[in-house]
Amino acid sequence: MSNIPSEIPKQNVMKDEFGWEIPVETVPVPSEGMVYPAGSPLHGRKTLQIKAMTAREEDILSSAALIKEGTVITHLLESCLIDKEVNVRDMLLGDRNALMVSVRITGYGSHYDAEASCPACSTRSSQTFDLSDLEIKSIDIEPTVPGENIFSFTLPITKKNVLFRFMTGRDEEERNIIAERKRKIMPGMKIEDGVTSRLEQLIVSIDGIKDRNKISQFVKNMPALDSRKLRGYISKYEPGIDMSTWMKCPSCSENSRISLPMGSNFFWPSE
């Protein structure tokens, strides 16, 4: 009978040979796992663990194929997540964003240099932001059914009951694919993220009507106030990470609250 073990023990070269272990961080899940079904590894999950970015993840970030596909962030998060059973594409966009910021901090630190425009005088200037100051925005409303990404809102003008969902990583990838197709058809044209197309994607039903064509027609013709209030409600209660921050303008000295500018150097700092 052979004494050869059925499995060859895996050696942790970094630890055993170099005396260094890749750090692991615990990240809060903004949705607190409330929107994931009972069979999902994300159900009821309040935290997730990630390993720090390494040169392997830099290879992912520099992949032209993944960048073109619009899936580079998905592959990056998959690589850094400790729990490989988690499907990153099924995660709420806000949950993914919390992971994304944490992954960036583990790789390059919390300081982020970017150009921003002053809301007061429109002057663009170089700013340094501290990503560790961004706050987690935990879920503050209950889904219509526990374990489902479906929420309810009554439109103030038409009084219609709208069931909607928060955007997921899969939704974002689909939008990136559609945008890429439009760029190929209309090269040089700026692709706008339209109000109606976004609502059409997020609305599940209107007064119980689930037909996508009928929902599309309603969204295109709904009163502007209904549209604005629905979008405001979704934005207010969508769990995630608050990407707003402060900047001081060197030109007019005004302190302003702005949305964190997301440039290519977010994952590729200049230094």
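A pocket here is an open set of grid points with protein on both sides within 12 Å along at least five of seven lines. Lining residues have an atom within 4 Å of such a point. The model shown in each view is predicted.

**View A. The second largest pocket and its lining.** Fifteen residues, given as 15 in the count, line the second largest pocket. Val35, Tyr36, Pro37, Asp90 and Thr168 lie nearest its centre. The space in this pocket is about 240 Å³. Sorted by class, its lining has 7 nonpolar, 4 polar and 4 charged residues.

**View B. Helix α4 crossing helix α5.** Helix α4 covers residues 72-80, and helix α5 covers residues 93-108. Their axes come within 10 Å and cross at roughly 70°. Angles of 65 to 115 degrees count as roughly perpendicular, so α4 is roughly perpendicular to α5.

**View C. Side by side: the residues where α4 meets α5.** From α4 come Ile73, Thr74, Leu76, Leu77 and Cys80. Their partners in α5 are Arg96, Leu99, Met100 and Val103. By class, this contact has 7 nonpolar residues, 1 polar and 1 charged.

**View D. Glu148 in its loop.** Glu148 sits in the loop between β5 (136-137) and β6 (151-154). Its relative accessible area is 34%, so Glu148 is partly exposed. Leaving aside neighbours within four places in sequence, Glu148 is in contact with Met34, Val35 and Pro143.

**View E. Glu148 and Arg165.** In sequence, Glu148 and Arg165 are 17 residues apart. In space, they are 8.8 Å apart, C-alpha to C-alpha.

How values were computed. Residues are numbered from 1 along each chain as its sequence is written. This is a predicted model: local features need pLDDT of at least 70, side-chain atom pairs count only at pLDDT 80 or more; totals for chains, interfaces and linings use all residues. Side-chain values use heavy atoms; hydrogens and water are left out. Axes are lines fitted to C-alpha atoms, for helices over the stretch in contact, and angles run from 0 to 180 degrees between N-to-C directions. Helices (H or I, at least four residues) and strands (E, at least two) are DSSP runs, numbered from the N terminus. Angles under 35 degrees count as roughly parallel, over 145 as roughly antiparallel, 65 to 115 as roughly perpendicular and the rest as oblique. Contact means heavy atoms within 4.5 Å. Ala, Val, Leu, Ile, Met, Phe, Trp, Tyr, Cys and Pro count as nonpolar, Asp, Glu, Lys and Arg as charged, and the others, Gly among them, as polar. Buried means under 20% relative accessible area, exposed over 50%, partly exposed in between (1.4 Å probe, protein chains only). On a 1 Å grid over the protein atoms alone, a cavity is a set of points where a 1.4 Å probe fits but cannot get out, and a pocket is an open set with protein on both sides within 12 Å along at least five of seven lines; lining residues have an atom within 4 Å of a point. Grid points are joined across faces, edges and corners, and a volume is the space filled by probe spheres set on the points.
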